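Here is a short report on one protein model. Please look at the sequence and the fold together, then read on.

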Amino acid sequence: MYEEDNESAAKRVISYARVSTGAQAASGLGTEAQHRAVQAAAAGQGWQIVDICTDDAVSAAIEPARRPELGAALERLDAGKADLIAAVRLDRFVRSIRDLQNLLDLSSRGGWDFFCLDLPISSDVPAGVFMRHVVGAFNELERSLASGRTKAALAVARSQGKRLGRPSKQSQEAKDLATALRAEGLSLHKIAVALEEAGLCTATGKTVWSPSSVRGLLRTARLDQEAEANAARYAAEQRDR
């Protein structure tokens, strides 16, 4: 009875191996050694190898789900045909924090696990759970740093007078008229009427203006003015150097 329960509880494992170069793939020695190591580890854990998959001459730069064999293995795991996928080293699966986080997310959503002989990443052990939290924290840090870099780059571009966003399709005549009327204190509705009476079209070619379209026109005009002022200031600073 005990043996039957133990056997039914054995994890079904997919052994995964990968080599990056054609020479390694042609020899077969690299992948064979990887699978033997996984099989030995599985035997020690009482796991059952249900499938073996190998990506020959496939770079780690390719996302896991886009690799021929690994992608198919992930689909089998999601379908419940295996409980775990294992490899000798983490770099057989991924070499970037982003891809590792994506793989962790896939395993969490699919209800399966993955195991590396060189690193405790499995959710079955406390060290693996800790490692997953660490990876998530690094991923969040990278997103924050990337966001900060983007904001800094945009700030520099604005200071140099570069107009960000999509090019404006508003006519200069419409922008000038709306800006002048707004400076005189006219409401958005009255400016809309004035634009229609002047025969000026919106950015989409319509002849009817609404307060919201006038608001967008004024915003575009303001951004243009700010860009021109920043460009003039940046040019003056360059001349003074």
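L84 stands opposite D113 in β4. The model is a predicted one. In β4, I85 has F114 as its bridge partner. Strand β3, residues 84–87, is joined to β4 by 4 bridges, and the two run parallel.

**The sheet**

These strands belong to an open sheet of 4 strands, ordered β2-β1-β3-β4, with parallel pairing. At the edges lie β2 (48–55) and β4 (113–116), each of which pairs on one side only. On average, neighbouring strands of this sheet are turned by 25° against each other, direction ignored. Helix α4, residues 68–78, packs on the sheet. Helix α4 touches β1 (12–18), β2 and β3, and its direction makes about 150° with that of β2.

Are the faces of β4 covered or open? Both faces are covered. D113 and F115 are buried on one side, and F114 and C116 are buried on the other.

**Overall make-up**

The protein has 10 helices and 4 strands. Along the sequence, the pattern reads α-β-α-α-β-α-β-α-α-β-α-α-α-α. The protein counts 241 residues, and buried residues make up 32% of them. Take the contacts between residues at least 6 apart in sequence: 60% of these join residues at least 24 apart.

**Two packed helices**

Helix α9 (residues 188–197) packs with helix α10 (residues 211–240). The angle is about 85°, and the axes are 8 Å apart. An angle of 65 to 115 degrees counts as roughly perpendicular, and α9 and α10 are therefore roughly perpendicular to each other. On the α9 side, the contact involves L188, H189, I191, A192 and L195. On the α10 side, P211, V214, R215, L217 and L218 take part. By class, the contact of α9 with α10 has 8 nonpolar, 1 polar and 1 charged residues.

**Single residues**

| Residue | Relative accessible area | Class |
|---|---|---|
| C53 | 1% | buried |
| T31 | 8% | buried |
| C201 | 33% | partly exposed |
| D78 | 45% | partly exposed |

Why does T31 count as buried? Its relative accessibility is 8%, and buried means under 20%. T31 has its place in helix α3, residues 29–45. Which residues does T31 contact, leaving aside its neighbours within four places in sequence? T31 is in contact with A17, V19, T54 and D56.

D78 is found in helix α4. Why is D78 partly exposed? Its relative accessible area is 45%, and partly exposed lies between the 20% limit for buried and the 50% limit for exposed. Leaving aside neighbours within four places in sequence, D78 is in contact with L106, G110 and W112. D78 and G111 are 33 residues apart along the chain, and their C-alpha atoms are separated by 7.5 Å.

How many disulfides does the model have? A disulfide is taken as a pair of cysteine sulfur atoms within 2.5 Å, and by this rule the count comes to 0 disulfides. C53 is buried at 1% relative accessible area, whereas C201 is partly exposed at 33% relative accessibility.

Key:
Residues are numbered from 1 along each chain as its sequence is written. This is a predicted model: local features need pLDDT of at least 70, side-chain atom pairs count only at pLDDT 80 or more; totals for chains, interfaces and linings use all residues. Side-chain values use heavy atoms; hydrogens and water are left out. Buried means under 20% relative accessible area, exposed over 50%, partly exposed in between (1.4 Å probe, protein chains only). Two strands pair if DSSP finds at least two bridges between them. Axes are lines fitted to C-alpha atoms, for helices over the stretch in contact, and angles run from 0 to 180 degrees between N-to-C directions. Contact means heavy atoms within 4.5 Å. Angles under 35 degrees count as roughly parallel, over 145 as roughly antiparallel, 65 to 115 as roughly perpendicular and the rest as oblique. Ala, Val, Leu, Ile, Met, Phe, Trp, Tyr, Cys and Pro count as nonpolar, Asp, Glu, Lys and Arg as charged, and the others, Gly among them, as polar.
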